[in-house]
Amino acid sequence: MYTLLHGFYKYLVQKDEYCVLILGLDNAGKTTYLEATKTKFTKKYKAMNPNRITTTVGLNIGKIDVDGVRLSFWDLGGQVELQSLWDKTNDALAHGSLHLHLPDSLTKPIARPDYSDHQTSGSPDYRGPTYFAECHAVIYIVDSSDRERISESKETFDRMIASEQLSGVPLLVLANKQDIPDCMGVHTVKPIFNQNAHLIGARDIMLMATSALTGDGVDEGIRWLVDCIKRNSSERLPRNHDENL
Ligand SMILES: Nc1nc2c(ncn2[C@@H]2O[C@H](COP(=O)(O)OP(=O)(O)OP(=O)(O)O)[C@@H](O)[C@H]2O)c(=O)[nH]1
Ligand SMILES: [Mg+2]
């Protein structure tokens, strides 16, 4: 009886939880965007001063509730030597199966969602689920003011979407830093990211303008993504999906 009532209570109050990876080159504005998103969707959230945001070595996590679901964001560092972690798991670091020249802080396990359900302790080869396999959507952030690195950003994007583990996952590409005069507008960034469209496959994809610094475009992007995640939820079930309910 208790189990039944508890299950019913959970059904009433528990929100479906989905994970969103925030990726892009270093300096694209990922962490600033995560702060802007938390500010937009969390009442009384005290945003961090953008000047105090430093380059990410490891992972930042943030949660928001929007349109009846909970989104958990994983904001990973974009520096070249950190990109190889995008399709890995923290457990690979913990087991020493990666041999990268990384700062000490990264050779220790970094904070990330609790995957204890999936752990099979004792196996040195255990790799666990990867960020790519576990996420429900990807936000890819582009620095629209950096013409010199736009092709590097596109190449990195192509490598990312070629991953089988991301197939069918909705993608929101953000042409960020639109507040900077003379930045590339959507009409310039879009055709660049539309090249090699065959790699994109069958999935929802949208390119939008945004400024993580002013918050412009944050709301629209997140609401679009939530609609796509909900539509795709029979393919990628929410994290807290309970088959007994
Ligand atoms: N003008 C302007 N500056 C921005 C915007 N978004 C981010 N920045 C600046 O760009 C720089 C890098 O921002 P971060 O958020 O740290 O970039 P990141 O993508 O997280 O970088 P890594 O953690 O190294 O991967 C900072 O100086 C930010 O203030 C924006 O929309 N407009
Ligand atoms: Mg960062």
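This briefing describes the fold, the ligand shell and selected residues of one chain. The structure is a predicted model. The chain has 245 residues, of which 31% are buried, and its secondary structure comes to nine helices and six strands. Among contacts between residues at least 6 apart in sequence, 75% join residues at least 24 apart.

**Nonpolar core**

- The largest nonpolar core contains 48 residues.
- Val20, Ile22, Cys135, Ala137, Val138 and Tyr140 have the most contacts inside this core.
- Cys135 is in contact with Cys19, Val20, Leu21 and Val169, when its neighbours within four places in sequence are left aside.

**Helix 7**

- Helix 7 covers residues 150-161, and its 12 residues reach 17 Å from the first C-alpha to the last, close to the 16 Å expected at 1.5 Å a residue.
- Its buried residues are Ile150, Ser153, Thr156, Phe157 and Met160. These residues lie on the same side of helix 7 because they cover an arc of only 120° around the axis.
- The face turned away from the buried side of helix 7 carries the exposed residues Ser151, Glu152 and Glu155.
- The buried residues of helix 7 are covered by elements including strand 1 (16-23), helix 3 (80-83), strand 4 (137-143) and helix 8.

**Helix 9**

- Helix 9 runs over residues 218-231; its 14 residues reach 20 Å from the first C-alpha to the last, close to the expected 20 Å at 1.5 Å a residue.
- The buried residues of helix 9 are Val218, Gly221, Ile222, Leu225, Val226, Cys228 and Ile229. Their directions from the axis fall within an arc of only 165°, so they are on the same side of helix 9.

- Asp179 is located in the loop between strand 5 (171-176) and helix 8 (186-194). Asp179 counts as partly exposed because it has 14 C-beta neighbours inside 10 Å.
- Not counting residues up to four places away in sequence, Asp179 touches Ser211, Leu213 and Thr214. The C-alpha atoms of Asp179 and Thr214 are 7.5 Å apart in space, while the two residues are 35 residues apart in sequence.
- Val13 belongs to helix 1, residues 2-13. Val13 has 7 C-beta neighbours inside 10 Å and therefore counts as exposed.
- Between Val13 and Ile222 the separation is 209 residues in sequence and 22 Å in space, C-alpha to C-alpha.

**Positive phi in loop residues**

- Asn27 is a residue other than glycine with a positive phi, near 75°. Asn27 is placed in the loop between strand 1 and helix 2. Asn27 is partly exposed, because 16 other C-beta atoms lie within 10 Å.
- Lys44, although not a glycine, has a positive phi of about 65°. Lys44 sits in the loop between helix 2 and strand 2 (59-66). Lys44 counts as exposed because it has 4 C-beta neighbours inside 10 Å.

Terms used
Residues numbered from 1 in each chain as written. Chains lettered and ligands numbered in written order. Predicted model: local features only at pLDDT ≥ 70, side-chain atom pairs only at ≥ 80, totals over all residues. Core = buried A, V, L, I, M, F, W, Y, C linked by C-beta atoms within 7 Å. Buried ≥ 20, exposed ≤ 12 C-beta atoms within 10 Å, placed from the backbone. Contact = placed C-beta atoms within 7 Å. Helix = DSSP H or I, 4+ residues; strand = E, 2+ residues; numbered from the N terminus. Expected span 1.5 Å × (residues − 1). Arc of directions from axis to C-beta.
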